[in-house]
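Good morning, and thank you for coming. Please look at the structure on the screen while I describe its pocket and its ligand.

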Amino acid sequence: MLRIVVLVSGGGTNLQAVIDAVSSGRITNTEIAGVISNNKSAYALTRARQHGIPAECISPKDFGTREEFNSVFLEKIKELCPDLLVLAGFLVVIPAAMVEEYRNRIINIHPSLIPSFCGTGYYGLKVHEAALARGVKLTGATVHFVDEGTDTGPILLQKAVEVKSGDTPETLQRRVMEEAEWKILPQAIDLIANGKVRVENGAAVIES
Ligand code: GRF
């Protein structure tokens, strides 16, 4: 059984997609051991508690320094003994020590086709604003492993989504979530839980 801990900051629709996929059997061999948010009022925490999943908040704002936060954050994660950390709309930079401790065991969902519209400053609606400003006709979502950079780790899954004329950042964000994010994040977890993924020479390889 793969023990996952999901890290969130906001509404938690990706978390919900994972919860639903575990319940329906689209994700197998997986137990959600906990949900952690940096934001006390994140609706994602409510979603977790409604499903009986231990959920708590740890925020950099409650610590004097980022170093202090980072070390308490890492300890809290270790107490949950996760096999995989899932970043589902988590807006805090993962400390280098955590990347090291959980090398190739942290995945993130990003709402574009990496390497487009990613890196520092590209989060939430900003990603979709940039895609519309550039006039791309296809965008999408990416699940990737987390390394020391921002959105630079090995790419595991991607799914393209059409940009439609008249799209606003909000309509595009919604379509990318519905057609891509809520599908490939559960799919990625299921692949990992069933031993189908390995990282080789900096690239994620999926076994058929
Ligand atoms: C998603 O678009 C995700 O790709 C991004 O943040 C958003 C989180 O949405 N990283 P939600 O909290 O899962 O609803």
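Four elements, α1 (13–24), α4 (96–101), β5 (106–110) and α6 (169–193), each supply at least two residues to the lining of the largest pocket. Helices (H or I, at least four residues) and strands (E, at least two) are DSSP runs, numbered from the N terminus. A pocket is an open set of points on a 1 Å grid over the protein atoms alone, where a 1.4 Å probe fits, with protein on both sides within 12 Å along at least five of seven lines; lining residues have an atom within 4 Å of a point.

This is a predicted model, in which local features need pLDDT of at least 70 and side-chain atom pairs count only at pLDDT 80 or more, while totals for chains, interfaces and linings use all residues. Residues are numbered from 1 along each chain as its sequence is written, and side-chain values use heavy atoms, leaving out hydrogens and water.

The lining has 40 residues, and Gly-89, Phe-90, Leu-91, Asn-108 and Tyr-123 lie nearest the pocket centre.

Let me turn to polar contacts, which are pairs of N or O atoms within 3.5 Å. A backbone N or O atom of Asn-14 is 2.9 Å from a ligand oxygen atom, and a polar side-chain atom of Glu-181 lies 2.6 Å from an oxygen atom of the ligand. At Ile-109, a polar backbone atom is 3.3 Å from a ligand nitrogen atom.

Key. Polar contact = N/O pair within 3.5 Å; in protein donor to acceptor, adjacent residues only side chain to side chain.
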